[in-house]
Amino acid sequence: MAWLQNSLFGLLAAVLAESATFGGAPLVCRLCEPVIDKPEPMPSAPQAPLRIEVETALDFSRIASDTGQGGDVTVDPRGGNRRVSGGLRDMGGLVLKGTARVTGTPFAAVRIDLPARVQLRSSTGATAEVVDLKTDLSAAPRLDSTGTLVFSFGGRLVVRGQVSGNFRGNVPITADYE
């Protein structure tokens with residue numbers, strides 16, 4: 001009987017030794033490995049909802065077309081400078097770059113998105129378009145220690161043809177945590 005047990009043990013050892021490799025790679029017994037407790041990942045702190053408030057509306061001020069061909073008015077988001085081109089003329093007035101305030105979780109990284117274009121309408125039904133909306137934000141904006149980020153934005157107003165009126169529209173700004 002001892003011979004049979006030794007033979008069975010030897011046969012089992014030979015089978016295990018033979019099957020201990022699979023495709024040339026050694027097999028590892030996961031039941032034989034010591035159990036190592038891995039710490040549970042810490043849940044991230046809840047993030048406060050992001051809130052956006054436009055503090056100053058983008059305002060291209062007063063322009064006129066003396067040729068009827070239209071043109072462009074650009075407001076820089078950094079300095080708020082205005083540049084008028086094409087058939088448009090600067091008629092003075094106060095030019096304003098837009099400013100917005102985002103609030104949320106302190107020190108959190110955020111992504112701010114502006115639309116590609118915004119259509120403006122006057123009370124007469126005429127239209128114009130704001131394109132090339134840009135901000136003065138860094139490449140990786142973050143909320144400060146109070147959970148606040150203030151930034152400026154500007155863009156280019158495109159006027160086509162002979163249109164008149166006081167043009168209005170909304171610039172939808174979105175913010176998300178990174």
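**Is Ser122 buried or exposed?** Ser122 is buried, with a relative accessible area of 9%. The cut-off for buried is under 20%. The views below come from a predicted model.

View 1. Ser122 sits in the loop between E10 and strand E11 (127-135). Setting aside neighbours within four places in sequence, Ser122 is in contact with Ser164, Gly165, Asn166 and Phe167. Take Ser122 and Asn166 as a pair: they are 44 residues apart in sequence. In space, their C-alpha atoms are 5.2 Å apart.

**View 2. Asn166, a contact partner of Ser122**. Asn166 belongs to the loop between E12 and strand E13 (174-177). Its relative accessible area is 51%, so Asn166 is exposed. The cut-off for exposed is over 50%. Residues up to four places away in sequence are not counted here; beyond them, Asn166 touches Arg121, Ser122 and Ser123. Asn166 and Ala126 are 40 residues apart in sequence, with a C-alpha to C-alpha distance of 9.3 Å.

**View 3. The largest pocket and its lining.** The largest pocket holds about 760 Å³ of space. Its lining has 29 residues. Which of them are closest to the pocket centre? They are Leu58, Asp59, Phe60, Leu120 and Phe167. Phe167 is also one of the contacts of Ser122. Three strands each supply at least two lining residues: strand E4 (63-65), strand E10 (117-121) and strand E12 (148-160). By residue type, the lining divides into 18 nonpolar, eight polar and three charged. Rolling a probe the size of a water molecule over the atoms shows where empty space is left.

**View 4. An aromatic pair: Phe151 and Phe153**. The count of aromatic pairs comes to one. The ring centres of Phe151 and Phe153 are 6.5 Å apart. Their planes meet at 50 degrees, so the pair is tilted. Planes under 30 degrees apart would count as stacked, and over 60 as edge-to-face. Phe151 is buried, at 1% relative accessibility. Phe153 is buried too, with a relative accessible area of 2%.

**View 5. Gly104 in the loop between E8 and E9**. Which residues does Gly104 contact, leaving aside neighbours within four places in sequence? The contacts are Ala48, Pro49, Leu50, Leu143, Gly147 and Tyr177. Gly104 and Gln47 are 57 residues apart along the chain. Their C-alpha atoms are separated by 7.3 Å.

View 6. Phe107 is found in the loop between E8 and E9. Its phi is near 70 degrees, a positive value in a residue other than glycine. Phe107 is exposed, with a relative accessible area of 55%. Asp132 lies in strand E11. Asp132 is not a glycine either, yet its phi is positive, at about 55 degrees. The relative accessible area of Asp132 is 38%, so the residue is partly exposed.

**View 7. Ala57 between E3 and E4.** Ala57 lies in the loop between strand E3 (51-56) and E4. Is Ala57 buried or exposed? Ala57 is exposed, with a relative accessible area of 52%. Not counting residues up to four places away in sequence, Ala57 touches Leu96, Lys97 and Gly98. Ala57 and Gly154 are 97 residues apart along the chain, and their C-alpha atoms are separated by 9.8 Å.

**View 8. The whole chain, for orientation.** The secondary structure comes to one helix and 13 strands. The chain has 178 residues, and buried residues make up 27% of them. Consider contacts between residues at least 6 apart in sequence: 69% of these join residues at least 24 apart. The chain exposes about 12,200 Å². Carbon and sulfur atoms supply 56% of that area.

How values were computed: Residues numbered from 1 in each chain as written. Predicted model: local features only at pLDDT ≥ 70, side-chain atom pairs only at ≥ 80, totals over all residues. Heavy atoms only, no water. 1 Å grid on protein atoms, 1.4 Å probe; cavity = no way out; pocket = protein on both sides within 12 Å on 5 of 7 lines; lining within 4 Å. Points joined across faces, edges and corners; volume = space filled by probe spheres on them. Helix = DSSP H or I, 4+ residues; strand = E, 2+ residues; numbered from the N terminus. Nonpolar A, V, L, I, M, F, W, Y, C, P; charged D, E, K, R; others polar. Phe/Tyr/Trp six-rings, centres within 6.5 Å; stacked < 30°, edge-to-face > 60°. Buried < 20%, exposed > 50% of the residue type's maximum accessible area, 1.4 Å probe, protein only. Contact = heavy atoms within 4.5 Å. Areas by Shrake-Rupley, 256 points an atom, 1.4 Å probe, with all protein chains shown as cover.
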